[in-house]
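Walk through this complex one level at a time. Keep the model in view while you read.

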Amino acid sequence: MKIVDVDKLSDLAAALAAKGYRIVAPVRDGDVVRLKQWKRGDEIDLDAFTVNSVKDFLMPASEVIGRYALDGDDFAPEAVAAEAPKTVVLGVRPCDAAALAVLDAVFNWDYADAFYNARRAATTIAALACRQADEQCFCTSVGGAPDSTAGADAILRPADGGKRFIVETLSEKGEALVAAAGEVVQEGEAAADAVAEVPVRFDAAALAARLAENFESPLWQTLSLACLGCGACAYACPTCHCFDIQDEGTRRESVRLRNWDSCGFGLFTQHAGGHNPRPDQAARWRQRVMHKFLYFAERFGRLACSGCGRCARLCPAHVSMAESCAALMAARKAAKR
Amino acid sequence: MNALETLRADAARLLREGRAKVVIGYRTRGKERAPVFITDASGAGSLVYDAACRQNLAAYLRKPEVRARRPAAVVASPPVMRSLVLLAAESQIGEGDVVVLAVGPPGEGGGEGVYHGALTLAETARLLKEKYALLAPRPEVLDRIKSLAAMSAEERAAFWSEALAKCTRCYACRAACPACYCTVCIVEKNVPQWISTAARPHGNYAWNLIRAFHAAGRCTGCEACEAACPQGIPLMLLNVLVAEEAAEAFGIKAGYDLDAEPLIGSWSADDEEDFIR
Amino acid sequence: MSGNLYEASVMRIAAVREETPDTRTLRLEFADEAARAAFFRAYRVGMFGLYGAPGAGECALCIASPPTRDRYVECTFRRTGRVTAALADREAEQRVTLRGPYGNAFPIEDWRGRDVLLVAGGMGLAPLRSVLWNLLDRRKEFGAIALAYGVRTAADLVYKDELAEWAKRGDVKVTTTVDPGGETSEWRGKVGLVPAVVEETVPPNQKGVAAVCGPLVMIKFAMPVLTRLGFAAKDIFTTLENRMKCGVGHCGRCNIGGVYVCRDGPVFTLEQLRKMPAGDL
Amino acid sequence: MSSQADPKAREQAAFEPRIVALVCTWCTYAGADLAGTSRLRYAPNVRIVKVPCTGRIDPLFVLKAFEGGADGVLVSGCHPGDCHYTSGNYHARRRWAIFRRLLEVTGIDERRLFFSWVSAAEGQKFADLVNDIAEKVRAAGPFERTNPARRRP
């Protein structure tokens, strides 16, 4: 088997960088750990949960999708190409890797998004099986697992009590990656560590059925009372893909930008005429839950949630998707009795 | 009864007697302290208060769903009390809309904390002036501001370039802040679009600076925005900088006086002008 | 790899018509013949477009001209926000952009041989005008055609010349109405809300199809009237306009329940509408 | 290294500062007008934006100027007590006392940001002020492209 020592992570990154990969890895940044472009000297931290997901590198928070030279009211379109450097993302949690299938489906739903696809094609996902989970993790409730290989091109499995990783390739991209790593990845033997235990918080299939009949439930008011209506959950979410398109620039040049947006914001659905189909936070929270567990599943045959728990971890009001789902299930039981 | 038990008993009594339609407090969820909205006296036992309670619950008073449930009783530490006094001074809430379940800062009075009772806004303002007049920003924040001041302009620009590059424009800071109660925020106005909504440097800069400016003389130092920021941006550096200027140059400390005039929006003929030629 | 789906066609404004003080119709011609041909290969009546004024942005609007008039595209809009203001500020010979056509269409091929009732309110005439011209351009294929059109006040009428032209033709029955209080001394049409006027003027036992477009509240009140007049739920159509950005199902904001207005719509039958959660409309 | 070869030095030598002056119509604009009609010479680097009153100058205006690449910004209006609207300049004064701290801490300091009172009679003061500001901004150099306030293409 192929193994890499835990203290060789920086060497691994350096070896891949030397082969032309842009390296993205979890790096400590003040009080948080984030996936960011690795540079020599950055210490890779594979233990903490990153505040951002791999989404940031496939569908960035803001990107140019159009460009126009302006001259008074007149304009001349200019060609825009996606920036898609050959990239490897190291240490992607299985939940984040699994979430890529959601983005793949949306951005190729009959209309192919050239920007997303170019980056996706140029990106190799080197996943990391989880040895630890926290109380917000719920991948096992949505069909995932802490050692799932879904969406990954290669996976690192912690071994020998965290001293090294077993490297398993899962695709051609993964094989190319290991080949590029050269001697840092070696043949050897190691005993895989136990993977994290993530308790199942709810039954997703039962939840979908429950949601289908509870659009009008008063629970939405209760569950959304704490929600303050920001976009922290959606922006941290590896599957949330809603966006806004805005033009901005000077009198001479304008760029058309695709910016992240969130169904939690009141303006998200506000019509030009003043009507808002989702006038309160209850309607917005309902949309968020419904979209992830019912609407998306109906349309694309998979859940739009990978159970990473970032939404709950980062919510300023401690609203938890898993808690909401569990509450919806509990309410059904109560109603039956 | 200890402080927490008294707080719970008061919350239950307010609900029972109809003096509050909802009690907004904190509950335990694992290591976290999540907000809880209690409408039945039997639920008061879930209330907790400790150092892990970082959210400013006064922010909920702008939510239409919560406004519909007034009078609301709010568990409030001194910075939150200041937010409530600020909201009253700015006519966002009135006496009778809110019952203040006033708790001392975590750790005050030994391990179990101090509970000052269910207070009116006037009593809250009095308590703040009598007992918590000297609330100050954390020394670490003041130290970092000092070290920024010692840097060159280029170094300061570089510091904020890096810090603000992390902003994703999720507006968690705005959502967590009780003073951010505008129904339409300046960043949402697009004719003209003054502040770019894109998570790119100049828009992030304008957004964060203008938010700090709009909180000038209004920020009560609760740190909820910084705690809310998923990206760990040191927002309190900007807020404290402004608050210190407001205090030193104009003698204004937000959230102590129910009749306070706003810092921006009032003036005096003697205001400093040594920077004007 | 395919191209950038956000690349839009450049359109020349061939003509501008002031409908009301704040509503305009732009006639747009393709700068590129291949783009024109591709557009009209795809375009069926009911689909929408994303009209753009670079520097201000794009907005989703219906296509107010029919596929039978395949040299140009028309759009009618009220000056409301940043993009519509920028579009409204442009004059003939200046340029804008267009993406599309997107969405589904009215199944007018299935309407052949049947009577058609169009019910429009205010700006809602724009998509139905497109339908009406499409039917009139192929007049022999359809049964009796009627249009009931209501506006708040007489000053809010759009397509005034065309309303007169249709009234004169004799092969389409046109009824106009204004909300009570909206009439002027010269007003010759009805006075009353559109649903009431439809109930009063359309005979019962309808076997044809109806298409309704206008403010949500008008749609809501028109539906039971049409049902009472005998139209089947699968034969009552409407076209919805939710807030949209991308037009192709990616941006995620036009959902009503699990329905994507941009992909599953904008044209829906009453039968489909009934299955949507009312609280999301 | 000769100054010819050093691109930074070359840029500095060719550098003509762009300064945005946000002025009130009643005092400073009239003062600038007087400077002009009096044929006083002053640096041509200033672009004047006239507003009804300094009280109308939102900090966003200043950010917009820097965003667009201004190398310096001047805010100027009526002397205290002279405001056409009684108190607009008093409101402005307080606003700037606070906002300049935020600009300062983010790297835009008194080398690029200026405040003044110039009355309708002070044509000479306006000319001298602009000349002085132009020199200061020239010394500060081009507004750094890396500054977070500045729009990137």
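The paragraphs below go from confidence to a sheet, a helix pair, a set of domains and a chain contact.

This is a predicted model. The predictor assigns the complex an ipTM of 0.93 and a pTM of 0.94. For chain C the average pLDDT is 94, and 99% of its residues score at least 70.

Start with the sheet in chain B. Now look at one strand pair. Strand β1 (residues 22-29) of chain B runs antiparallel to β2(B), and seven bridges join them. Arg27(B) has Ala34(B) as its bridge partner in β2(B).

Next comes a helix pair in chain B. How do α5(B) and α10(B) lie to each other? Helix α5 (residues 139-149) of chain B packs on helix α10 (residues 235-250) of chain B at an angle of about 85°, with the axes 9 Å apart. Angles from 65 to 115 degrees count as roughly perpendicular, so α5(B) and α10(B) are roughly perpendicular to each other. From α5(B), the contact uses Val141(B), Leu142(B), Arg144(B), Ile145(B) and Leu148(B); from α10(B), it uses Met236(B), Leu237(B), Val240(B) and Leu241(B). Eight of these residues are nonpolar, none is polar and one is charged.

Turn to chain C. It divides into domain 1 (9-102), domain 2 (108-234) and domain 3 (240-281). The centres of domain 1 and domain 2 of chain C are 24 Å apart, taken over C-alpha atoms. Between these two domains of chain C, 15 residues of domain 1 are in contact with 15 residues of domain 2. On the domain 1 side, β1 (9-20) and β5 (73-78) of chain C each supply at least two residues. That side has six nonpolar, six polar and three charged residues.

Finish with the contact between chain D and chain B. It takes 34 residues from chain D and 33 residues from chain B. On the chain D side, α3 (59-67), α4 (88-105) and β4 (113-117) of chain D each supply at least two residues. Helix α4(D) gives the most, with 12 residues. The chain D side comprises 15 nonpolar, seven polar and 12 charged residues.

Methods:
Residues numbered from 1 in each chain as written. Chains lettered and ligands numbered in written order. Predicted model: local features only at pLDDT ≥ 70, side-chain atom pairs only at ≥ 80, totals over all residues. Axes fitted to C-alpha atoms, helices over the stretch in contact; angles between N-to-C directions. Helix = DSSP H or I, 4+ residues; strand = E, 2+ residues; numbered from the N terminus. Parallel < 35°, antiparallel > 145°, perpendicular 65-115°, else oblique. Contact = placed C-beta atoms within 7 Å. Nonpolar A, V, L, I, M, F, W, Y, C, P; charged D, E, K, R; others polar. Domains from an automatic or database assignment. pLDDT = per-residue confidence, 0-100. Pairing = 2+ DSSP bridges.
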